[in-house]
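Please read them with the structure open.

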2 protein chains.
Amino acid sequence: MSAPPALEILPLLHFPLVNGPCDLGALVVACLKRNRITLRQGDVLVLAHKVVSKAEGRIVDLGAVSPSARALELAQATGKEPALLEVILSQTKRIVRQSSGVVLCENHLGIVCANAGVDRSNAGENQAVLLPQDPDRSARALCRSLEAAFQVKVGVLVADSHGRPWREGAVGLCIGLAGINPFIDYRGRRDLYCYQMQSEIECIADELCAAATLVMGQAQEGKPLALVRGALVQLDDTSSAAALLRDPARDLFR
Amino acid sequence: MSAPPALEILPLLHFPLVNGPCDLGALVVACLKRNRITLRQGDVLVLAHKVVSKAEGRIVDLGAVSPSARALELAQATGKEPALLEVILSQTKRIVRQSSGVVLCENHLGIVCANAGVDRSNAGENQAVLLPQDPDRSARALCRSLEAAFQVKVGVLVADSHGRPWREGAVGLCIGLAGINPFIDYRGRRDLYCYQMQSEIECIADELCAAATLVMGQAQEGKPLALVRGALVQLDDTSSAAALLRDPARDLFR
């Protein structure tokens, strides 16, 4: 019997430290070549959002921020730094929940996450990194660079780690996407007993980012890029991570 | 330059259809051998919860269920089948949210998910499958069977697919665990700029289940077992998926 096909997740080594605006597509193509990887049709490249943000100059010097009255008030309520809160508020459409040490926000794109995605780790001293302004646009640009360099159709995902209600610990999920359908829709397919499935839509974009996060890590030894090879993806030039955000009308946790 | 180490996810083929009580450990060991896989230290086996539930006889014939007044009332409110709701209520400690077509429950173990995990897909005609009574105990028993058969330390995870607030689509996550630490704790480690990380705990148990779900699928062609090889796991004989459930005192979405 031949071995079943495996899904592989390869961390990419030797990606340069990115600290400001640069041609991310060129850096990624060079890194793939350094890792002796030739992209194949249907490969999915996952990038930690932070490297995308930094390449787009989405870095704020906290020393240059003057906290507003609202940021000072929120600092009292949550115990977080006023300057960081001022930056968080600048990215926030709506505060979903707040508590000691926690500000859960819906950002201007509709992504619900802690601190509107603003993060001090892996930023420079007294700096904070914002989410990319439009992570789908970032993913599309990278996807075009990769497809031009390798002459195959691939997926590009921008990943971030988020906490969840009811569960401990953060997991990688998808905030920007290009090139593949983020979902597998099982509705209408027959199950093992020919029962027609009613409701199952699987978010493979989030599962791919969770899988990639397993090899990327978070601290000094972290690697910002991983390649997923062998996933059953459906190529799709029109898709985006915006489709992952639940319609507020159907959201029981607004 | 040598290639970086890859994480591999192997779907296991030819697992028999399980429809009632059986020795799951023996079936899994036989399936691994049929797939010519010899487990290695640190391998992680992920099982779809449904195969575990069925092997433990957690199947209910909906025709034999008499809906209570509460189930009938909930059927009015949600449009779901009264008999199915009666079974769901039998597994439920607390209804977290209800709406048309949706009953989000906290089950007796503290897991918050749709329908208390009761599911009609991949069950027999007019049958529903419950979650395993104690998925951590199921994982421990399997872990012991695998370690006895292969003489190495491994992880065993029981996976289910759950929807999430704010995001479309379901993802695989972990409801039962044995043999590995479910978390990587980055707190106190230094980031790229020597900033001491404050809060990052990564739930690798959920990420491993998400990754495995990518190769397992849901419908007729679904495979209930996947092997994850090459993940950076910490072996731990005392851990469980109960640790993944957030302390209600720190949960903003009770």
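1. Which residue in β8(B) does Leu47(B) stand opposite? The residue is Val158(B). A caution before going on: this is a predicted model.

2. Strand β8 of chain B spans residues 155-164. Is this strand mostly covered or mostly open? It is mostly covered, with nine of its 10 residues buried. A residue counts as buried when 20 or more other C-beta atoms lie within 10 Å of its own.

3. β8(B) also pairs with strand β9 (residues 167-180) of chain B. Here eight bridges are found, and the strands run antiparallel. One pair to check is Val156(B), whose bridge partner in β9(B) is Ala178(B). β8(B) and β9(B) form a hairpin with two residues between the strands. Look at Trp166(B) in this hairpin: its phi is positive, near 70°.

4. Next, the open sheet of chain B. Three strands make it up, in the order β4-β5-β6, with antiparallel pairing. Which strands stand at the edges? They are β4 (92-99) and β6 (112-114) of chain B. Each has a single partner strand, so one side of each lacks a neighbour in the sheet. On average, neighbouring strands of this sheet are turned by 25° against each other, direction ignored.

5. Within that sheet, strand β5 (residues 102-107) of chain B is joined to β6(B) by three bridges. The two strands run antiparallel. Cys105(B) has Cys113(B) as its bridge partner in β6(B).

6. Arg94(B) lies in strand β4 of chain B. How is Arg94(B) classed by its C-beta neighbours? There are 13 of them inside 10 Å, so Arg94(B) counts as partly exposed. Its C-alpha atom is separated by 9.2 Å from that of Val112(B). Along the chain, Arg94(B) and Val112(B) are 18 residues apart.

7. Turn to a helix pair in chain A. Helix α1 (residues 24-34) of chain A packs with helix α5 (residues 135-150) of chain A at an angle of about 45°. Their axes are 9 Å apart. α1(A) and α5(A) are therefore oblique to each other. The crossing of α1(A) past α5(A) is right-handed.

8. Which residues make this helix contact? From α1(A) come Leu24(A), Gly25(A), Val28(A) and Val29(A). From α5(A) come Ala141(A), Leu142(A), Ser145(A), Leu146(A) and Ala149(A). By class, seven residues of the contact of α1(A) with α5(A) are nonpolar, two are polar and none is charged.

9. Finally, the interface. Contacts between the chains involve 66 residues of chain A and 66 residues of chain B. On the chain A side, at least two residues each come from β1 (7-11), β4 (92-99), β8 (155-164), β9 (167-180), β11 (201-203) and α6 (204-216). The largest share, nine residues, is supplied by α6(A). This side of chain A has 38 nonpolar, 11 polar and 17 charged residues.

10. One strand pairing crosses between the chains. β1(A) and strand β1 (residues 7-11) of chain B are joined by three bridges and run antiparallel. What is the bridge partner of Glu8(A) in β1(B)? The partner is Glu8(B).

Technical notes:
Residues are numbered from 1 along each chain as its sequence is written. Chains are lettered from A and ligands numbered from 1 in the order in which they are written. This is a predicted model: local features need pLDDT of at least 70, side-chain atom pairs count only at pLDDT 80 or more; totals for chains, interfaces and linings use all residues. Two residues are in contact if their C-beta atoms, placed from the backbone, lie within 7 Å. Helices (H or I, at least four residues) and strands (E, at least two) are DSSP runs, numbered from the N terminus. Ala, Val, Leu, Ile, Met, Phe, Trp, Tyr, Cys and Pro count as nonpolar, Asp, Glu, Lys and Arg as charged, and the others, Gly among them, as polar. Two strands pair if DSSP finds at least two bridges between them. Axes are lines fitted to C-alpha atoms, for helices over the stretch in contact, and angles run from 0 to 180 degrees between N-to-C directions. Angles under 35 degrees count as roughly parallel, over 145 as roughly antiparallel, 65 to 115 as roughly perpendicular and the rest as oblique. A crossing is left-handed if the near helix is turned anticlockwise from the far one by less than a right angle, and right-handed if clockwise. A residue is buried if 20 or more other C-beta atoms lie within 10 Å of its own, exposed if 12 or fewer, and partly exposed in between; C-beta atoms are placed from the backbone.
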